[in-house]
Amino acid sequence: MEIQRRGVEFESSTKIKMASNIRLIARLDIKGPNLIKGIHLEGLRVIGDPNIYARKYYDSGVDEIIYMDTVASLYGRNNLSNIIKKTVKDVYVPITVGGGIRSIDDVKFLLRCGAEKVAINTAATKNPELIKEVSRKFGSQCMVLSVEAKRKDNGWEVYTENGRQKTGLDVMDWVKIGEENEAGEILLTSVDYEGTKKGFDFELIKKVSESVSIPVIASGGMGEYEHLNKVVKESSADAVAMADILHYERFTIKDIRTYCINNHINVRDYE
């Protein structure tokens, strides 16, 4: 059965540093019906109704939205279908959905609900071929490899289950495997920096970005404008996923876009 798209335009998957627009993305972590936020993906606090926040960010000019089901492993599948269906009624930017996606059927179901992309972590680490299967069936732009990274010795290890489960995989090796299996982009979350407001793991993002040719979304740690400037210009991120800074209204998407324009960071024009 053919999946009906919503006519949303995607950025090209070809990675050209600072030539294409940097995407400003709102990340919404979900537990049950609620938008939540924590530190290091733990100590989760309820923020509110995710649909209200998604609409607010859309109205403010966000480029994309990421929904992550933080407790999908408890249910054995992603449970965001009702939230997605409600969001897409009046939010017209690409929506990525992650958490608990284990099969082609799971992907098909979420796309039918209105998602444009899926972010896969745990199932991909267990079966890298799933990355290629999703990419070839639905297009590489649909397949986002979600990577939760924690510092280990002189490198980083891949974690799953919302930063709780070790995999033994080296992040640099894993992102290359993901690219070889035709992932369209990488959502790179630093568990160490997530929710801290101290800035991204700039070294991690830079090394991953230099290791692959597909776009890298930096996630985890943004607390001020300069963090975005540094992660784009020095660490070569292609997109920035933000949560705490938006949910607690430290800055709006409009504020951040204006900052980017004033600091010569290419972003989408927004009226």
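Colleague: Let's start with Lys-197: is it buried, partly exposed or exposed in this predicted model?

Modeller: Lys-197 is partly exposed, because its relative accessible area is 34% and that class covers values between 20% and 50%. Look for Lys-197 in the loop between strand 10 (185-190) and helix 8.

Colleague: What is the phi of Lys-197?

Modeller: The phi of Lys-197 is near 65 degrees, a positive value in a residue other than glycine. Asp-153 is another case to look at: its phi is positive, about 55 degrees, although it is not a glycine. Asp-153 belongs to the loop between strand 7 and strand 8 (155-160). With a relative accessible area of 69%, Asp-153 is exposed.

Colleague: Why is strand 4 described as largely enclosed?

Modeller: Because six of its six residues are buried, strand 4 is largely enclosed by the rest of the structure. Strand 1 can be read in the same way: eight of its nine residues are buried, so strand 1 is also largely enclosed by the rest of the structure.

Colleague: Which strands pair with strand 4, and in what sense?

Modeller: Strand 1 (residues 23-31) pairs with strand 4 in the parallel sense over six bridges. Strand 5 (residues 95-98) also pairs with strand 4 in the parallel sense, over four bridges. To line the strands up on your screen, use the residues that face each other. Ala-26 has Ile-65 in strand 4 as its bridge partner, and Ile-30 stands opposite Asp-69 in strand 4. Towards strand 5, Met-68 stands opposite Gly-98.

Colleague: What other strands does strand 1 pair with?

Modeller: Strand 12 pairs with strand 1 in the parallel sense over four bridges, and there Val-240 is the bridge partner of Leu-24. Strand 2 (residues 34-39) pairs with strand 1 in the antiparallel sense over three bridges, with Leu-35 opposite Ile-30. Strand 1 and strand 2 form a hairpin with two residues between them. In that turn, Gly-32 has a positive phi of about 60 degrees.

Colleague: Where is Ala-239, and what does it touch?

Modeller: Ala-239 is in strand 12 (residues 239-242). It is buried, with a relative accessible area of 0%. Beyond its neighbours within four places in sequence, Ala-239 is in contact with Ile-22, Arg-23, Ile-25, Val-216, Ile-217 and Ala-218.

Colleague: Which helix packs against strand 12 through its buried residues?

Modeller: That is helix 9, whose buried residues pack against strand 12 as well as strand 1, helix 8 (202-211), strand 11 (216-219) and helix 11. The buried residues in helix 9 (residues 225-233) are His-227, Leu-228, Asn-229, Val-231 and Val-232.

Colleague: And helix 11 contains an arginine. Is Arg-257 buried or exposed?

Modeller: Arg-257, in helix 11 (residues 253-262), counts as buried because its relative accessibility is 5%, and the cut-off for buried is under 20%. Its side chain reaches the backbone oxygen of Arg-268 at 2.7 Å. Leaving aside neighbours within four places in sequence, the contacts of Arg-257 include Leu-24, Gly-61, Val-62, Asp-63 and Tyr-270.

Colleague: Finally, how many cavities of 30 Å³ or more are there?

Modeller: The count is seven. The largest cavity holds about 260 Å³ of space. Of the 21 residues lining that cavity, the closest to its centre are Asp-69, Gly-99, Gly-100, Thr-122 and Asn-162.

Colleague: What kinds of residue make up the lining of the largest cavity?

Modeller: The lining divides into seven nonpolar, nine polar and five charged residues. Strand 4 (64-69) is one of the elements that supply at least two residues each, along with helix 2 (72-75), strand 6 (117-120), helix 5 (122-126) and strand 7 (143-152).

How values were computed:
Residues are numbered from 1 along each chain as its sequence is written. This is a predicted model: local features need pLDDT of at least 70, side-chain atom pairs count only at pLDDT 80 or more; totals for chains, interfaces and linings use all residues. Side-chain values use heavy atoms; hydrogens and water are left out. Buried means under 20% relative accessible area, exposed over 50%, partly exposed in between (1.4 Å probe, protein chains only). A polar contact is a pair of N or O atoms within 3.5 Å; within protein, one must be able to donate a hydrogen and the other to accept it, and residues adjacent in sequence count only if both atoms are side-chain atoms. Contact means heavy atoms within 4.5 Å. On a 1 Å grid over the protein atoms alone, a cavity is a set of points where a 1.4 Å probe fits but cannot get out, and a pocket is an open set with protein on both sides within 12 Å along at least five of seven lines; lining residues have an atom within 4 Å of a point. Grid points are joined across faces, edges and corners, and a volume is the space filled by probe spheres set on the points. Ala, Val, Leu, Ile, Met, Phe, Trp, Tyr, Cys and Pro count as nonpolar, Asp, Glu, Lys and Arg as charged, and the others, Gly among them, as polar. Two strands pair if DSSP finds at least two bridges between them.
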